[in-house]
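Thanks for making time this morning. I would like to walk you through one part of a model, so please bring up the sequence and the structure before I start.

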Amino acid sequence: MTTPSSLETTRDAYDAIAGLYAETFPTAMDDHPVDRSLIAGFAEMVRTEGAGPVADLGCGHGRMTAYLASLGVTASGVDLSPTMIELARQANPDLRFDEGSMTALDIADGTLAGVLSWYSIIHTPPEELPVIFAEFGRVLAPGGHLLVGFFATDADSPHPEPFDHKVSLAYRLSIDHVADLARKAGLEEVARLRREPGGNERRFQQGRLLARRPTEP
């Protein structure tokens, strides 16, 4: 399980910059049509499977949660930072936001049609990621989908690469590694994507993985 110290470091760092972060990134997907298309496809798959609830895990101030809701899914958010959660509630009073950790989600087994993890795993020490992916797999219903966004290693180097993120130490991950984490959590890969950085993003390539919990064991 993620150590209390690493959770506390990430929580405190985002508490400290929550207001500035919300001002800097007020809305979602404005500059990234490729990502908009991918998330729209994710939302369509959720609706096709029965329009069950979707959790935006590591939701920050709720911009992606609100974007998911605009795509016609029942979306809620969870974040480690209480300050971020308060900002999310203020900005989106019609949506639900809860404080919590991805290492131990207060969500019943098999109750979600979708999980979005948009750059919320990047501060997790790589050896502790299996705990989080096990939680993703646990809360998804059969047929439910997981969409993960993260910083990708160059040429899909297999080794996690730490870097000095402006908020807290972060890691770049290979798409193969993220796919393997999902597979070990009982999910099957649907699609993967690598794109170059754009807009106000860092110089790193961006990775996305879409996975699904099988309907049959």
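Let me begin with a pair of residues: Asp-79 stands opposite Glu-99 in strand E3. The chain crosses from E2 through helix H4, residues 82–91, to E3, and this β-α-β crossover is right-handed, meaning that, with the strands pointing away from the viewer, the path from the first strand over the helix to the second runs clockwise. E2 and E3 run parallel and are joined by four bridges, where pairing requires that DSSP finds at least two bridges between two strands. Helices (H or I, at least four residues) and strands (E, at least two) are DSSP runs, numbered from the N terminus.

A word on the basis: this is a predicted model, in which local features need pLDDT of at least 70 and side-chain atom pairs count only at pLDDT 80 or more, while totals for chains, interfaces and linings use all residues. Residues are numbered from 1 along each chain as its sequence is written, and side-chain values use heavy atoms, with hydrogens and water left out.

Turning to helix H3, residues 63–70, we find Met-64, Thr-65, Tyr-67 and Leu-68 buried, that is, under 20% relative accessible area with a 1.4 Å probe, protein chains only. These four lie on the same side of H3, because they cover an arc of only 160 degrees around the axis, taken from the directions from the helix axis to the C-beta atoms. Their cover includes helix H2 (33–48) and strands E1 (54–57), E2 (75–79), E3 (96–99) and E4 (112–118), with contact meaning heavy atoms within 4.5 Å. Just after H3, Gly-72 takes a positive phi of about 90 degrees.

Terms used. Buried < 20%, exposed > 50% of the residue type's maximum accessible area, 1.4 Å probe, protein only.
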